[in-house]
Amino acid sequence: MQTVTKSACDSCEYSNTSGLKKLGINTDDTDFVVALAGNPNTGKSTVFNALTGLRQHTGNWPGKTVTRAEGGYSFNEKKYKLVDLPGTYSLLSTSQDEEVARSFILFGKPDVTVIVVDASRLERNLNLVLQILEITNKAVLCLNLMDEAKRMEIEIDDRTLARDLGIPVIPTSARSKVGIQELISTIHKVATGEIICKPHRIKNVPKQINNAIEKLCVEIEKEYPNIPNSRWIALRLLDGDERIIEAVKTGEFITE
């Protein structure tokens with residue numbers, strides 16, 4: 001099981017990163033909630049540590065003892081709660097890790113979801129990225145481990161990737177703090193609405209299925225006006241997803 005602790009140097013209130021104030025475990029009275037998602041071994045914990053000043057131990061989240069790590073930071077006079085979700089390859093809810101990650105993104109309603117990917121294994125990571133973009137309208141792609149990609153002579157056109165995904169893409173090497181300043185600034189801009197995301201959504205669906213999805217969307221939006229992911233919910237209902245069926249019945253989608 002992962003634990004979160006403070007080290008002597010990282011318990012300092014202020015960071016060397018301009019405008020960043022690390023709040024450690026203090027997540028009281030936050031203005032925004034940020035979810036940190038991604039495949040295992042993409043450096044999520046390193047990003048978490050860089051922003052909060054905590055020392056979360058890296059490693060996989062074990063079976064039935066899955067929890068989530070939380071920490072805080074402030075930037076530009078706004079306080080953020082950062083939630084580090086279990087590393088997972090999918091959001092299809094076939095394991096407890098997937099269930100924890102998906103439930104928080106869907107029902108926890110984070111203001112921004114930061115998806116951390118391994119730049120040296122980008123293609124393998126994109127499956128989860130596309131699934132998350134079906135759920136939320138506010139996301140940032142953290143293209144981490146750029147130092148590893150460079151070492152392997154892998155080049156990534158982050159501007160084209162951002163255009164195709166419809167969300168900001170920030171190259172980082174979190175271990176050496178490279179790109180962290182831009183990541184923090186971009187999270188802030190998405191959270192405050194300065195950057196409007198237009199996430200890629202799957203459109204190439206057979207006509208019969210698409211008609212069924214559209215009919216369900218109408219009914220879902222009657223019950224939950226302005227819900228950002230009615231199409232994804234409709235698709236999961238058609239697939240017989242028991243967790244989503246239960247959520248529709250109990251009204252878990254209602255936004256406070």
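## A tour from threonine 172

Start by selecting threonine 172: leaving aside its neighbours within four places in sequence, threonine 172 is in contact (heavy atoms within 4.5 Å) with Cys142, Leu143, Asn144, Leu145, Met146, Val178, Gly179 and Ile180. Before you go on, note that this is a predicted model, where local features need pLDDT of at least 70, side-chain atom pairs count only at pLDDT 80 or more, and totals for chains, interfaces and linings use all residues. Residues are numbered from 1 along each chain as its sequence is written, and side-chain values use heavy atoms, with hydrogens and water left out.

Threonine 172 sits in the loop between strand E9 (169-171) and helix H6 (180-192); helices (H or I, at least four residues) and strands (E, at least two) are DSSP runs, numbered from the N terminus. Because its relative accessibility is 0%, threonine 172 counts as buried (under 20% relative accessible area, with a 1.4 Å probe and protein chains only).

Next, pick helix H8 (residues 230-238), where Ser230, Trp232, Ile233, Ala234 and Arg236 are buried. Now show what covers those buried residues: helix H2 (96-107), helix H3 (122-135), helix H7 (207-223) and helix H9 (242-250) are among the elements. Just after H8, click on glycine 240, which has a positive phi of about 80 degrees.

Last stop: the rings. A search of the whole structure finds two aromatic pairs (Phe, Tyr or six-membered Trp rings with centres within 6.5 Å). Select tyrosine 73 and tyrosine 80: their ring centres are 5.0 Å apart and their planes are at 5 degrees, so this pair is stacked (planes under 30 degrees apart). Both tyrosine 73 and tyrosine 80 are buried.

Definitions and conventions:
Buried means under 20% relative accessible area, exposed over 50%, partly exposed in between (1.4 Å probe, protein chains only). Rings of Phe, Tyr and Trp (its six-membered ring) pair if their centres lie within 6.5 Å; planes under 30 degrees apart count as stacked, over 60 as edge-to-face and the rest as tilted.
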